[in-house]
Amino acid sequence: MASSTKHNIAWNLSSNILPLLVGLVLFPKIISAYGLERFGMLSLIWALIGYFSLFDLGLSRALTQQISELIGKNKTSHEIAQLIRTTFIVMWVLGVLGGLILWGLSPVLITDFLKITGELQAESIYAFSLLALSIPLIVHTAALRAILEALHLFKSASLIRIVLGVGTFLAPYLTSFISPTLTSAVVGLIVTRFLVWLLHIYAVHRTQILAFTSRRFDIAWLKSLLQFGGWMTVSNIIGPMMVYMDRFVLASILGAAATSFYVAPYEVVTKLLLVPAAIAGVLFPLFAKQWEQD
């Protein structure tokens, strides 16, 4: 077990390091392609993607914990499949709700809070509204990743995370050759998220964990999910706010261009958190399983 845990941590760590290196190379090229002001807005788009992941209400973490416990208790595959299908439905609903909220808030966020004016205002509102389409995919992808982590398939999860991490920087860079606008950057990010969602679907399908028939929705599972997920929701709301709010405040006071000078070094420094995150991500489902057995 110790050997496999070390390997899983190594995979988790590598999935964060490679995108970081790609980001270091592409950041100057993206800034050059889009200009300081648009890059500043693009950094806010990256932040919104991270923040609106809170609409999983902690259910992805709860799903990892619940599956791990059920495996530890030697529960039937039928019960596990029912838990997963119930969580999927709830998280699709939450994702759609999050997307609608972002779509509705976009004009207020751009005009009243960030005070973007001129040609960039209409472009930003359209880009932020378009970004709302990706929120359901982001939330459901979190549920799919939770399954892979519960099954200790960290190699598959890490390889997909590398695609996501690299695509987050590569997609806006490549779309800048077509049109260096926020709209094209967002389209690139949505395509990346869709590809990552498909890869997660494929990886989960290969586990055969959903090959067992069950009811698609069982409200009995919601209580335990929400009980654990509720505490995670508090963390999911406060955590991203502390991580991302500074760049929104900076943009609203000094303008989007000023954010460009702030985001690049900030991203490099905060990526040091990838070391404890890589370890914690592996140990969490392991502890949840061992809790029932020992």
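**View 1. H152 sits in the loop between helix 5 (135–150) and helix 6.** Welcome to this predicted model, which we tour in a handful of close-ups. Look at the backbone of H152 here: its phi is positive, about 60 degrees, although H152 is not a glycine. Most residues other than glycine have a negative phi. With a relative accessible area of 24%, H152 is partly exposed.

**View 2. Q208 lies in the loop between helix 7 and helix 8 (220–254).** Here is another residue that is not a glycine but has a positive phi, in this case about 65 degrees. Is Q208 buried, partly exposed or exposed? Its relative accessibility is 44%, so Q208 counts as partly exposed.

**View 3. Helix 6 (residues 154–175) packs against helix 7 (residues 182–207).** Two packed helices are described by the angle between their axes and the distance between the axes. For this pair the angle is about 160 degrees and the axes are 8 Å apart. Because of that angle, helix 6 is roughly antiparallel to helix 7, as angles over 145 degrees count as roughly antiparallel. The crossing of helix 6 with helix 7 is right-handed.

**View 4. The largest nonpolar core has 74 residues.** Good places to begin are I30, M41 and I45, the residues with the most contacts inside this core. Helices 1 (2–51), 2 (59–72), 3 (77–113), 4 (119–131), 5, 6, 7 and 8 each supply at least two of the core residues. Which helix gives the most? That is helix 1, with 14 residues.

**View 5. I45 touches A127, F128, L131, L182, V186 and L189.** That list leaves out residues up to four places away from I45 in sequence.

**View 6. E79 is part of helix 3.** At 26% relative accessibility, E79 counts as partly exposed. Now find I67, which is 12 residues from E79 along the chain. The C-alpha atoms of I67 and E79 are separated by 9.5 Å.

Methods. Residues numbered from 1 in each chain as written. Predicted model: local features only at pLDDT ≥ 70, side-chain atom pairs only at ≥ 80, totals over all residues. Heavy atoms only, no water. Axes fitted to C-alpha atoms, helices over the stretch in contact; angles between N-to-C directions. Helix = DSSP H or I, 4+ residues; strand = E, 2+ residues; numbered from the N terminus. Parallel < 35°, antiparallel > 145°, perpendicular 65-115°, else oblique. Left-handed = near helix turned anticlockwise from the far one by under 90°. Buried < 20%, exposed > 50% of the residue type's maximum accessible area, 1.4 Å probe, protein only. Core = buried A, V, L, I, M, F, W, Y, C linked by side-chain atoms within 4.5 Å. Contact = heavy atoms within 4.5 Å.
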